Amino acid sequence: MGENRPERPPRRFGGQRYQPLRSAGLLVEVVRTLTTSPSQAQKELVKEKLEKDYAATKEVVDHLVDVQHEDVATALQSFRRVSTDVQTARERIKMIKNNLSSCQLLLRCKRDELKKLWLESAELKYVVRLLEQLESVKFSHSQIVKYMEEKHFLHAAETLGGSCALLDGRLRDIDGLKGLRKTFEQLNETLYCTVVEEITKQLYAKPCSEAINDVRRTNVMPKANGGDTETLVESTWNTAGMLVPSCAPGGAAYAALIDEVPSIADNGCALEDLHDEELTSKPVQYIAVLVDSLGLMGLLDRASCQLVETVEDQLWSVVVYRTSKFICDHLHGSSGVSGEARSLAELLRLLFVQFRFITAVYGVLIGQFERVLELRHQKLDPRFNVQTMWDQVQLTIERLLSMYLNVKPEQGIGRKLPPDNDSKPISTYFIKKGPLPPRRRLFGFDGTAFAEAYHSERKPSTDVSMSSAERGEVACICRPGPQNIKAAFRLVMRFVSEIEAKISNPPCRLRVFVNSYIKKSFLPNLREDVVQKARSFLLDRSDTWSRTTSSISVEEQAAVLTAHLDLPDSSVPLFISTLKALDCCHDVVMILSSTPSFCAEFFQLWMQIAALYLQSASAEYGSLSCSPPLESCSPASSGSPRAGSKGQQGKKAGEGRKISSAWATDGDISRLLKSLPNWQSLASRVGTTATTPLVNCDGSSGSPQNGTNLLGSSSSPPKIESAEEIRSRNSRESEILMGNLGSQAKIETSELLLFDARRFRLLANFQESVEYFCRCSRSILASLPPQVRSKLRLTVSSVDHENDQLPQSDHLPAKPLVNGMTAVSPMDEFLDCLANIEQLASTCLLMLHLEARVHCFYHLLPLIRQPMFFGSSQEVDDQVIHLNKDLIRLNEILSGALQAPKQRYIFEGLGHLISTIFISGCQYIVRISDTGKKRICRDIFSIQQCLSDLTSSREPDLDQARRFYELLYKSPDDILNAIVEGGAEFAVTDYANLLALSIRSHPVLSSEPGALEQRLGRLKAMLATTDKRHL
């Protein structure tokens, strides 16, 4: 057919479109012509035309028939065949119709019999299905037990749910399955208990074990079995002093596991691979499987209620008990009551790590409960949330702290959470509750003597079989007492901050408990203990200001200090009492920094320590310097409790007046001396070597005193001064001392501090210790948190100006209030106290500085006051020898006890002063011989050698003094000529005294009248000319 398909005839008109209406129009035209044309010719013409067209069409048709003959024959054959098939099919359909009619007739005859057979078949199929279900239920019991043994709880729950559905569904009315139904109910309860137990282990036991294993892996701690406890502690205590590291590798790995996302199947349940043997090591996936198991059993509500009710017991019996036992066994070697405070810190640190893990796992558990809750459309206990867990954690910590702090029940907060009726919906009172606890007996006779004797004979191991965790007993790792708050406070408050960052209603109850304990119990006890301790080593001991760090070993120093202080190094010995005072301050400041709400109270305690230190230092300074205490440093001004003994101490100490002590304590003289360049240079040199800057309460650098403070810091290094700069710096001081002491004939021995080695060494140690105390105190003050310093500045206490017992601070002006009261912040008071202590250090150093100069006057004034200065058999005068010995001895005493810049301050300038003494003493010599000239030059040279050895400088001022007296080898006229040639080296008064002595000692000019006046006039003219020339 396909090959014989006729071809399409070509178009009649090549380029024109086929117009089907043209032939129709032609036919109509022919018909019209034939019917309407009256002419026969016209009709004949149309007829001929039609015949002609017919003949042409016939030829075309014949041609087409000839061409398509085969196709037409094939079509006819196909038509004949199809007609035959249709006829055959009609006959067959008629036969089938007849057959169906016969079958219908036969079925109507067998209908009842077939119906009976069909019903029997349906009954047999139902019985077979029931038997198969019974078989599956019977087999599922062993399968469920196997799943539970292999910890495939999700498969067990699915199998158990299907079996229970069968037993409660189609098999519900079978009486013979009651026993099997009870068995499955027990199995359901067993599976529920097992799943809840596994959740409890994942929630409490595993985090606890992970944290403990972390410590074991990190510290490699062997269990102590009667071994050396100190060796064990040293082996377990890492470099940071912590048994429990802040971030252990295992803990980080466990935290990463907690953050994983569980794998969920298409049906919404967690995936449980029967071939995965490490499922229990994946906490999130395992918890998801357990929660889905509870969801399949329809016990989410009961499980959440049970988990909430057992949180407190689990936290105490599992976590606290196991951790305490671990700390006891591995840190102390036993479970005894003895221990150290650091053991409590390690316990808390380890507990806090475990609590963080537990709350993280609890959050994962709540998330899985919520996921299954949406899938199963069940209910949960409204208390089942993270807030409840944090509340129970706080209760557990509170219970533990109450045990270790010896807090009475009425002092602490109750263990049970207060009812929150406002936040609980009324539906919570109608939800399904968990199993009721067993009823307690109303009367018991277990405590009678008969019962105890009976149980001891019949059941001697009854009490032993009961674990300490079940009895709620926890092994104490240190002696309970208020002192444990020192080790626990910072850790607890840091953990409290973490809790408050995660709960919705801060402050938390744990902070309230701790703050209440500190305010009502710890702070009063701490105040009493610290003040008593400070009094014991500052006021009550006889060696308070005599025992230094150089007199004890390093081990003894460590034993003296109770805290690991990060104090700056000191190159000189310090008093042990100073370090103990700083130790007390450190203890107070450590608590102060962690308790911003109580910073004012603890700061007052710090001020009491500083006031006691000021009182003790003032009394010691008065004893060492044989002078009354300073007015500004008196105990009354610092708030000391022993202010009443000030007058008696001053009267007793002031019996022997010492020049250096009196000048150093005199306000006007001390300010004048501190304004000199020498003191300014010392301040810059000490400032560059100081380890800590001076910091005021607002954090800015500066000094609370009017004068320059030795504790001030300088950013620029000390410059190297020339000899002229040093001479100009020392000239002002020498001028002041000569004006006050040079006019005296002699200085009495009672006006000196005799060079007792012990006294001067103690004075040096006193100066360094007091200054060190102030520097460290200011450093500690600067290290306080900004919010604490701000609060101390804003806290105001009123002071009555009528009594005027508090000195005003220069850098923080007081704010006047009503009734003559002044607002003084605790920071102002403390800085005033430190300023008074610093004044003691400055006064002590200034006194040593003056004492060395007073000794120079003491030895040299009798020497230069001799009217006749002739030769001597000795090479050096006794006064110079004694002066050199005193200076060498003083240098030996102060070496190692005083810093190098301060020692340099004491000895620097002595050469200029001695030179000034010798040059000004020229006016008191009546006559001097040539041997006397050699003698005085020899004395000056001897002192110059001694000072050069002490100061490591040439002392050019003494060269100048020696050149001054060497001018006496010349005649008066030669002296004047030397001035003309070399210029004036000395003052006019010095040249006038020198010319007078030279003329008095000259054999000829001494008797010539007017010789001195003539040469003095010439001297003045020469010097006036020299001055004009310079101008």
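Why are Glu966 and Arg962 separated by about one helical turn? They sit 4 residues apart in helix H33 (residues 956-966), so about one helical turn lies between them. Helices here are DSSP runs of H or I with at least four residues, numbered from the N terminus. This is a predicted model, so local features need pLDDT of at least 70 and side-chain atom pairs count only at pLDDT 80 or more, while totals for chains, interfaces and linings use all residues. Residues are numbered from 1 along each chain as its sequence is written, and side-chain values use heavy atoms, with hydrogens and water left out.

**Salt bridges**
- The structure has 27 salt bridges, each a side-chain nitrogen of Lys or Arg within 4 Å of a carboxyl oxygen of Asp or Glu.
- Glu966 and Arg962 make one of them, at 3.8 Å from N to O.
- Arg371 pairs with Asp292, with the closest N and O atoms 2.9 Å apart.
- That pair links distant parts of the chain, as Arg371 is in helix H11 (residues 341-376) and Asp292 is in helix H8 (residues 283-297), 79 residues apart.
- Glu771 pairs with Lys902, the closest N and O atoms being 2.6 Å apart.
- Glu768, Glu771, Arg775 and Lys902 are linked in a salt-bridge network.

- Glu966 is partly exposed at 36% relative accessible area, while Arg962 counts as buried at 16%.
- The cut-offs are under 20% relative accessible area for buried, over 50% for exposed and in between for partly exposed (1.4 Å probe, protein chains only).
- Asp292 is buried, at 0% relative accessibility.
- Both Glu771 and Lys902 are buried too.

Technical notes. Helices (H or I, at least four residues) and strands (E, at least two) are DSSP runs, numbered from the N terminus.
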